[in-house]
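These are my notebook entries on a single protein chain. I record what I looked up and what I found.

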Amino acid sequence: MNHPNSYSLLPSITGPADLRNLPEDQLPRLAEEVRAFLLHSVSQSGGHLAAGLGTVELTIALHYVFNTPEDKLVWDVGHQAYPHKILTGRRERLPSIRKKDGLSAFPNRDESPYDCFGVGHSSTSISAALGMAIAASLDKKDTHAVAIIGDGGMTGGMAFEAMNHAGPLDANLLVILNDNEMSISPNVGALNNYLAKILSGNFYSSVRRGGKELLKHRMPGVWELARRAEEHVKGMVAPGTLFEELGFNYIGPIDGHDLDTLITTLRNLRKTPGPQFLHVVTKKGKGYAPAERDPVAYHGVGVFDPSQDHLPKAKPGTPSYTEVFGQWLCDMAERDRRLLGVTPAMREGSGLVEFERRFPDRYFDVGIAEQHAVTLAAGQACEGYKPVVAIYSTFLQRAYDQLIHDVVLQKLPVLFAIDRAGLVGPDGPTHAGSFDLSYLRCLPGMVVMAPADENECRQMLYTGFKHNGPAAVRYPRGKGGGVEVREEMTALPIGKAEVRREGSRIAVLAFGSLVAPAVEAGEKLGATVVNMRFAKPLDEDLILKLADSHELIVTVEENVIAGGAGSGVNELLNARLRRNPVLNLGLPDYFVEQGTREELLAECGLDAAGIFAAIDGFRQKAMPEAQAIPRIAAGKQRA
């Protein structure tokens, strides 16, 4: 890898126009420099690495052939789009990626005209690109839309819904499958690179179109025979029959690191009207041996030394909530053979690696197919099993219809282990779990829990598993406060809260991750602080008792205020004719951008200092005599 000071071409590339001025024989050198810069930058700042290393040549070829930004490139998810950012005028800002006020981790329409579509969730690129291609056709524009989707993204049903729609249309849509899970053997690679150039060329395409039209109208029997023959010939060298049946002209697979083949093929496809499908095979982590060997570990990295052949080992410490879940899942599986683990392609992220190793027959990774994951679990529950769906809060949004109709309506005992609830930090708003308390709380019969610490998380998972109905435990990203996690599992009484601190006049009802800062703020305010535990059902008796004995009610949650747990408290107080002033604290009514989780909590006023300041300011308006209340009051704190 080149040192940053040895770049000869990259400093002159301020945008794709500069790239297109380079002679083709200099592009391999540019690819080396982009790859070196990407490795150097991400090793210093952290971020997504392996996917971008694998798409360097593909990105160069796309911007070299297509007239971006008039031609549209839609990157699926966006982990693979770091080279795209480097080549579209954001090279100098790349060290700020995923930091507060820095570059977004994903393509973002507000960031650059070359980011034509904001992404973050998988399998959306083909739909978006098709929409753009249709718009161009309606406007009589001679432009192209290109969707670049990974093999993981192709496991999402939405990708095939879009292709099924696109096939019969004449829109200028090119779908590129970036396949980085399979390797090209020498005979397949060389042959298919040659065939791709021929099959994507003008002569073959014009003969193909003209011949089909002639045979279809004058000799339909021969046309059908020719169609089948073409499919069989292509099927001998390429797995493209499915895409051909959907109405796409399939080309590939080709070597995604061969710039000559990429550029020739893309030029041919750019001149070919209608829906086209190019299968490109790349190697995740390309050019950096440690990432090539272990692309999973190098998918998203922190700061590391690229001269070492391994990432720094994590320092031992308190377990993360994800690790607490993973340990509980294995422990519970040993006790109950009915437990099944379901995940939509989040084995590592959701903590199921050890569960898969120990219980392979009870582990189900369905791919990037959240809707299927939820209904699969519903079907398993119908037959007496107890499925646990391990899923990020932001991804469960994609399966909301299935959650309602297939699980909750049928009162099925499916437990949702909802990771990354609340603010997630560097991944930004597309990955934040800002809405789950709102969209879960409104579902009849749903039990919704939010643990205050790691041990309570374990006990809540057990509670939800033992409950004979749908239940969810939502917990934040990262580590808790270091509370000891007891091996013993005890079911909590459903709908019962816990008073953490006894005080007077002000009652703070805190949900989940914000219990600790609420207790800290409550100490200064002399307030009663409650660990609510359940967002549904609420502990109505305790809330009404506190309303009768306290003047001000405050709710605190790491969820949007609109429709959240605090809204449930408001509804109860209003229905029972309590007239206490109520202050709801939670995430604001805007999408919170990236930064560390601590920075974002402070920005939203949800750290201890922010909670104290908000309550102190509000009480002086709602309780004029509050000036006489001591700022620091002694209080009894419960374990």
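**Entry 1: a helix and a sheet**

Which strands does helix H21 lie across, and at about what angle does it run to E11? I looked this up in the model, which is predicted. Helix H21, residues 454-466, lies across E8, strand E10 (386-392), strand E11 (415-419), strand E12 (447-449) and strand E13 (471-474). Its direction is at about 150 degrees to E11.

I then looked up the sheet to which these strands belong. It is an open sheet of seven strands, in the order E9-E8-E10-E11-E13-E12-E17, and its pairing is mixed. Strand E9 (363-365) and strand E17 (534-536) are the edge strands, and each of them pairs on one side only. From one strand to the next, the twist averages 20 degrees.

Strand E8 (residues 339-343) is parallel to E9, and three bridges connect the pair. Valine 342 stands opposite phenylalanine 364 in E9.

**Entry 2: strand E11**

I went on to the two pairings of E11 that I had found. E10 and E11 pair in the parallel sense, over five bridges. Here alanine 390 is opposite alanine 417 in E11. E11 and E13 also run parallel, joined by four bridges. The bridge partner of isoleucine 418 is arginine 474 in E13.

Is E11 enclosed or open to the outside? Five of the five residues of E11 are buried, so I recorded the strand as largely enclosed by the rest of the structure. I checked its faces separately. Leu415, Ala417 and Asp419 are on one side, Phe416 and Ile418 are on the other, and all of them are buried.

I next looked up strand E3, residues 145-150. Six of its six residues are buried, so this strand too is largely enclosed by the rest of the structure. Both faces are covered, with Ala145, Ala147 and Ile149 on one side and Val146, Ile148 and Gly150 on the other.

With which strands does E3 pair? E2 and E3 are parallel and share four bridges. Valine 74 stands opposite alanine 147 in E3. E3 also pairs in the parallel sense with strand E4 (residues 173-179), over six bridges. In that pairing, alanine 145 is opposite leucine 173 in E4. Between E3 and E4 the chain passes through helix H7 (residues 157-166), and this β-α-β crossover is right-handed.

I consulted the UniProt record, an unreviewed entry, which places the feature "binding site" at Asp151 and Asn180. Why do I say that they gather at one spot? They span 30 residues in sequence, yet no two of their C-alpha atoms are more than 7.0 Å apart, so they come together in the fold.

Aspartate 151 lies in the loop between E3 and H7. I found it partly exposed, with a relative accessible area of 22%. Asparagine 180 is in the loop between E4 and helix H8 (186-199). Its relative accessibility is 16%, and it counts as buried because the cut-off is under 20%. Not counting residues up to four places away in sequence, asparagine 180 touches Asp151, Thr282 and Lys284.

Histidine 79 is in the loop between strand E2 (72-75) and helix H5 (82-90). Leaving aside residues up to four places away in sequence, I recorded its contacts as His48, Ala51, Gly52, Phe106 and His299.

Glycine 120 is in the loop between H5 and helix H6 (125-138). Is glycine 120 buried or exposed? At 4% relative accessibility, glycine 120 counts as buried. With the same exclusion of residues up to four places away in sequence, glycine 120 touches Val77, Phe106, Thr430 and His431. Phe106 is among the contacts of histidine 79 and among those of glycine 120.

**Entry 3: the whole chain**

Finally, I noted totals. The protein chain has 26 helices and 20 strands. Of its 639 residues, 56% count as buried. Its accessible surface comes to about 26600 Å², and carbon and sulfur atoms account for 54% of this. Among contacts between residues at least 6 apart in sequence, 76% join residues at least 24 apart.

Key:
Residues are numbered from 1 along each chain as its sequence is written. This is a predicted model: local features need pLDDT of at least 70, side-chain atom pairs count only at pLDDT 80 or more; totals for chains, interfaces and linings use all residues. Side-chain values use heavy atoms; hydrogens and water are left out. Contact means heavy atoms within 4.5 Å. Buried means under 20% relative accessible area, exposed over 50%, partly exposed in between (1.4 Å probe, protein chains only). Accessible areas come from the Shrake-Rupley method with a 1.4 Å probe; for residues, only the protein chains shown count as cover. Two strands pair if DSSP finds at least two bridges between them. A crossover is right-handed if, with the strands pointing away from the viewer, the path from the first strand over the helix to the second runs clockwise. UniProt positions are given in the numbering used here, feature names are shortened, and annotations may be inferred rather than shown by experiment. Axes are lines fitted to C-alpha atoms, for helices over the stretch in contact, and angles run from 0 to 180 degrees between N-to-C directions.
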